Amino acid sequence: MKTKLNNNIRTVIARAYVRIYAANRELSWLISETVMPLLGTAAFVYVYKALKAPEEFTGFVILGGAMTAYWMNVLWSMAAQFYWEKEMGNLELYLIAPISRMSILLGMASGGFIHSSIRAISVFLLGSLLFKVNFAVISWGKLFLLFILTLTALYGLGMLFSSLFMLYGREAWHGVNLFQEPIYFLSGFYFPIKNLGLTVGLVASFIPLTLGLDGMRQLAFKGGVKTGFLNVNLEIGILLFLCVLFLVGSHYALEFMEKLGKKEGRLTLRWQ
Amino acid sequence: MKILNLKDDLRTIKISSWLGWAMESNWANPFLFAIYSIIRPIASSLILVFMYLVVTRGKTGTDLFAYIYIGNAFFMYVYNVLFGISWVIHEDREHYEMIKYIYISPIRMYYYLFGRGTAKMIITTVAVIITIAFGMLILKIPVDLAQINYPLLFVTIIIGLFVITCLGILLAGMMMLTAHHSFYLTEGVGAIFFLACGAIYPIDILPVWLQYLSKVLPLTYWLELLRRVVLGKSLSTTLSHYSNFTLMGILVLTTIALALFSHYIYRTFEHIARKYGRIDQLTNY
């Protein structure tokens, strides 16, 4: 039991190590993941300025722009990761190693989290300073809790997606692409989700960022409560539920998909 | 000899266009591919639509809404073609590991990349048409099809696609020297244009120092011309005193300058990549 736990912890560290140290061998990310992401976010800020929107909307955009870093990390560095590994011929090595698949994904999540956080913090800080965003935090404790629960549930969702995409061929790439803009829209990255109506909002709440962003806006901005979808405490409760659902679900999904892949002989199919 | 080269280059473009189309489209059945091609552009437009609706409380009949919507629709060319061409380097190098075989074949890589962008242009054209049709039918964007100057529209789109392709090839050159996370570099370059070219707002609201950048970029004039052709008017005070003819002239001149710059930069980066043996480097980690 202790050996198994040690092996899995070492797996997490090893998989995270690759993400963190290897990226530093080539430093183009210093510009591409700090300054450049701010540009797209700034464009949306100027849309609200052109519309003469209330000032808290600038903050909404900055927050949404920062959180896109985590969604893209979940999509490209977790959901599609087993697909990439299959294409490179590494997947079978992972599967025959005496480690939990979840520990591989947790390592990927940890390593990717560092870079995503650099990106998110850069966009957030630079954007807030440049556009002079005013914050009015109601509760730091709840804000921090909301943020942690959002990311935990989000990475749990990423693990669930990775089990699904493991058996895909080229459609994995397009499937992941399909989850970008539609999710930015449905989750209300750049506008309050309340405006999509109750039904769409509730369906979109399965994406943890929907409620996470909504809750953070309510807690951090002056006009946030007015634009809120659900009560913050309820959103915290739902996110806690989603954490459990996705983490447990991903464990069973990974097992199921691996068995299916072995049965159908798709675990080593490349370039399909 | 030059005529033979031109024939070879055109053949390269034709074959690589076919290859690009095959790679873009044959991952799904046609129905699924159609759904995918419709959902993405509509979703990206709906983000802006709802941003607008939230502030204006439902009024979509204004000139500004049409300005934002049409600009965003045509700007899809920039992201898709820019990304599509530059990503070819990464795809052929890291996923399929075919880049060295392409290099040693009797074709010129520049024209191969040009052709690979064609598939993205076709797919994006469908997306643009769907987006504008959605805007006209559902959101009541005031586009009068009978009043559009189609020859001007066609010429403007062709020049714009040429500019974007040149930019994509420039980025492809940069990709030869960067690792696979340069995906964000491409996204970032696209974002520069999204911010500075007035894709979704008149450039008048930008800070003055940023407007200087806007006026140097051909895409600013491209989008302005397209909006004038499709909507019959524009909202930009800064560009309002330019006639269509002047805009076209500036667009052509800046396009030529950018094309030459792109060619020079691409050749420089390719030379460096060859010198340091990075043409077929594997960086997936």
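Hi everyone. Some ground rules: residues are numbered from 1 along each chain as its sequence is written, and chains are lettered from A and ligands numbered from 1 in the order in which they are written. As the model is predicted, local features need pLDDT of at least 70 and side-chain atom pairs count only at pLDDT 80 or more, while totals for chains, interfaces and linings use all residues.

Let's start with the interface. Chain B gives 40 residues to the contact and chain A gives 39, where contact means C-beta atoms, placed from the backbone, within 7 Å. On the chain B side, the elements giving two or more residues are α2 (30-56), α3 (63-95) and α7 (183-196); helices here are DSSP runs of H or I, at least four residues, numbered from the N terminus. Which of them gives the largest share? That is α2(B), with 15 residues. By class, that side has 30 nonpolar, 8 polar and 2 charged residues. Nonpolar here means Ala, Val, Leu, Ile, Met, Phe, Trp, Tyr, Cys and Pro; charged means Asp, Glu, Lys and Arg; the others, Gly among them, are polar.

Next, the core. The largest nonpolar core has 164 residues, and A43(A), V47(A) and M67(A) touch the most other members. A core is a set of buried Ala, Val, Leu, Ile, Met, Phe, Trp, Tyr and Cys residues joined through C-beta atoms within 7 Å, with buried meaning 20 or more other C-beta atoms within 10 Å. The largest share of this core, 19 residues, comes from α3(B). Leaving aside neighbours within four places in sequence, A43(A) contacts A191(B), F194(B), L195(B) and I200(B).

Now to helix packing in chain A. The axes of α3(A), residues 36-50, and α4(A), residues 56-79, come within 9 Å and cross at roughly 155°. Axes are lines fitted to C-alpha atoms over the stretch in contact, with angles from 0 to 180 degrees between N-to-C directions. The two helices are therefore roughly antiparallel, the word for angles over 145 degrees. Their contact includes F44(A) and Y48(A) of α3(A) and V61(A) and I62(A) of α4(A). It has 8 nonpolar, 4 polar and no charged residues.

α4(A) also packs with α12(A), residues 208-220: their axes come within 11 Å and cross at roughly 150°. M67(A), one of the core residues I mentioned, is among the α4(A) residues in this contact, and R217(A) is among those from α12(A). Here the count is 7 nonpolar, 1 polar and 1 charged.

Thanks, everyone!

Terms used
Two residues are in contact if their C-beta atoms, placed from the backbone, lie within 7 Å. Angles under 35 degrees count as roughly parallel, over 145 as roughly antiparallel, 65 to 115 as roughly perpendicular and the rest as oblique. A residue is buried if 20 or more other C-beta atoms lie within 10 Å of its own, exposed if 12 or fewer, and partly exposed in between; C-beta atoms are placed from the backbone.
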